[in-house]
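Hi everyone, thanks for coming. I'll take you through one structure today, so please have the sequence and the 3D view ready.

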Amino acid sequence: MARTIATIYNAMITEKETFSNLSNLSPTAQANPAQSLLTDLTSTSKVAIWRLIFYVIAVAIWIHESLWDIFLANVQTIISNAIPGTLQWYVATIKAFQYGYALTWNGSTFVYSTIDSTAICVNQCAITLSEGTLNIRVATLAGGTILQPLSVAQETALIEYIQNIKIAGTQFNVINQAADLLQIAYTVYYNPLIIYYNSSNGSDPLNGSLISNPSVFPVNNAILNYIQTLDQIFFNGNFQVSDLTDAIQAAEGITNVVATTVNAKSGSGAYQNILSVTGQIYQTAAGYLAIDPAYPLSSAITYIANQ
Amino acid sequence: MIFNVNFSNVINNLIPGFLRKPKFQAILNVFASALQYVNNEFYAETQSVFYYLKFNAQVIYLTKYLNDQYDNVQRRISISDGSTPNVIYLYNESEAAAPFYLYNESETLPNGTANPVYFYNNVPSIGTYDYYVNIPLELSTLASQVKGAVNQFNPANKTFYVNVI
């Protein structure tokens, strides 16, 4: 912290007073040396010249001390913005990746010369650490709602980007694959005053809709909303059967829910029965889930009227 | 931020006009000359520190730093990943890990391809570095300097090797 001009000036005066052969010089410590100096300089006082010398030197020293403060503040600012190399930092940096742009040196840091939000393609990213290797799961949003893998070209560019921005020596894998597929079958007990179900025609397209609004299918919407929330808010989170069941249970007009089939699989692997897994939890390989189109929701829900 | 100050100008501006006599200005400048020297040193140090602080262990920054320092024109210094050693862990049966089989040379592997397993000594050898700093042959005499420069930024848990190519 730089001393004030007055402090420096008075320190010099104090030092001067330790020399007896300078005792004829009578500038004394001043609360405001600049003000009294101005007054003295317009007088015929010879002493004012000495005081001026002291004052000028004090100002010069003060400037220099102030520069130290500024320098220290600048260094602290830079250090506080230092690259932490944490998993959160990697996630944030990867999400800032712009497809089709190269990082350029702006004189102090590597940046994108143009910020183009339309070129940002990694909408979801989660990183886990496994035996010293970063497993980086990524996905992009198609149409603003559906997660899907990056294109091969995007993935290639992303890998090159990570090669550049990563801390040297860091091993990583980019996991960019289609959603893990979910095959579900639920039996739901519904309130027939609210939910439409044509028991004589199980394939009636309006089955499961609200009587008051046939365009709304509460159970289907609850399932899709749950999966979308899991994918987009808790990307790479655990899928728990109880959470899905709770989401369906909370749908309008539904009184009871029983999960009969909940299977999940990654890629071309075999389906795994989640109901038989301890805790009924499934960790996605891709980081996100989707309903298997081969098992659409329209045939996955068995409706039983609550009598 | 400007850290270099011309104290001669500062002092001259602080002297009232009617006192700006050459001798008086000169003696004050003599007083400030020592401070000017300190400021010049300080300025050089700030520039050095600010330059250094621009860089870190990120590949893109470290590569730029090394090329700026040692191969500013051709910029041939690069950084490549170390190969991960194929470490084989042995487990107790109770740990239920997937079994790992070793075969005789004469045996055909299940996948029909050559898949030899190498055993390494527990000393630095191929595959034990986290990354390589590749420098051209012409700069081989600077290898130790490059190593020192990389060490300024190298994370504590990473190993590297300056590889002359």
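Before I count anything: helices here are DSSP runs of H or I with at least four residues, strands are runs of E with at least two, and both are numbered from the N terminus. Please also keep in mind that this is a predicted model.

Let's begin with chain B. It has four helices and three strands, and along the sequence they come in the pattern α-α-α-β-β-α-β. Chain B has 165 residues, of which 35% count as buried. If you take the contacts in chain B between residues at least 6 apart in sequence, 64% of them join residues at least 24 apart. The chain exposes about 10900 Å², with carbon and sulfur atoms supplying 54% of that area.

On that surface, have a look at I27(B), V30(B) and F31(B), which make a nonpolar patch of about 280 Å². V30(B) sits in helix α2, residues 22-53 of chain B, and it counts as exposed because its relative accessibility is 55%, where the cut-off for exposed is over 50%.

Now over to chain A, and to helix α7. Which residues of α7(A) are buried? They are V241(A), L244(A), T245(A) and I248(A), in a helix that spans residues 241-249. These four cover an arc of only 100 degrees around the axis, so they lie on the same side of α7(A). What do they pack against? Their partners in chain A are β7 (180-190), α6 (218-232), β8 (238-240) and β9 (254-265).

Staying with β7 of chain A, that strand also holds Q183(A). Q183(A) counts as buried, because its relative accessibility is 14%. Beyond its neighbours within four places in sequence, Q183(A) touches T261(A), V262(A), N263(A), Y271(A) and Y295(A).

Next, some backbone. Most residues other than glycine have a negative phi, so the exceptions deserve a look. One is in the hairpin of β3(A) and β4(A), which has two residues between the strands: E131(A) has a positive phi near 50 degrees. The two strands, residues 124-130 and 133-142, run antiparallel and are joined by seven bridges, with T128(A) standing opposite N135(A). Another is N236(A), whose phi is near 70 degrees. N236(A) is in the loop between α6 and β8 of chain A, and it is buried, at 12% relative accessible area.

Chain B has a case too: R75(B), with a positive phi of about 50 degrees, in the loop between α3 (59-70) and β1 (78-81). R75(B) is linked with K64(B) and D68(B) in a network of salt bridges. Within it, D68(B) and K64(B) meet at 3.1 Å, N to O; both lie in helix α3 of chain B, four residues apart, about one turn of the helix.

How many salt bridges are there over all chains? The count comes to six. One of them joins E65(A) and R3(A) at 2.7 Å, N to O. E65(A) is in helix α3 of chain A and R3(A) in the segment before α1, so this pair ties together parts 62 residues apart in sequence.

I'll finish with K166(A) and D81(B), whose side chains meet in a salt bridge at 2.4 Å, N to O. This pair crosses between chains, from the loop between α5 and β6 of chain A to strand β1 of chain B. K166(A) is buried, at 1% relative accessible area, whereas D81(B) is partly exposed, at 28%. Thanks, and do jump in with comments!

How values were computed: Residues are numbered from 1 along each chain as its sequence is written. Chains are lettered from A and ligands numbered from 1 in the order in which they are written. This is a predicted model: local features need pLDDT of at least 70, side-chain atom pairs count only at pLDDT 80 or more; totals for chains, interfaces and linings use all residues. Side-chain values use heavy atoms; hydrogens and water are left out. Buried means under 20% relative accessible area, exposed over 50%, partly exposed in between (1.4 Å probe, protein chains only). The arc is that of the directions from the helix axis to the C-beta atoms. Contact means heavy atoms within 4.5 Å. Accessible areas come from the Shrake-Rupley method with a 1.4 Å probe; for residues, only the protein chains shown count as cover. Patches are made of residues with over 30% relative accessible area and no salt bridge: like charges are joined within 9 Å, nonpolar side chains (Val, Leu, Ile, Met, Phe, Trp, Tyr) within 5 Å. A salt bridge is a side-chain nitrogen of Lys or Arg within 4 Å of a carboxyl oxygen of Asp or Glu. Two strands pair if DSSP finds at least two bridges between them.
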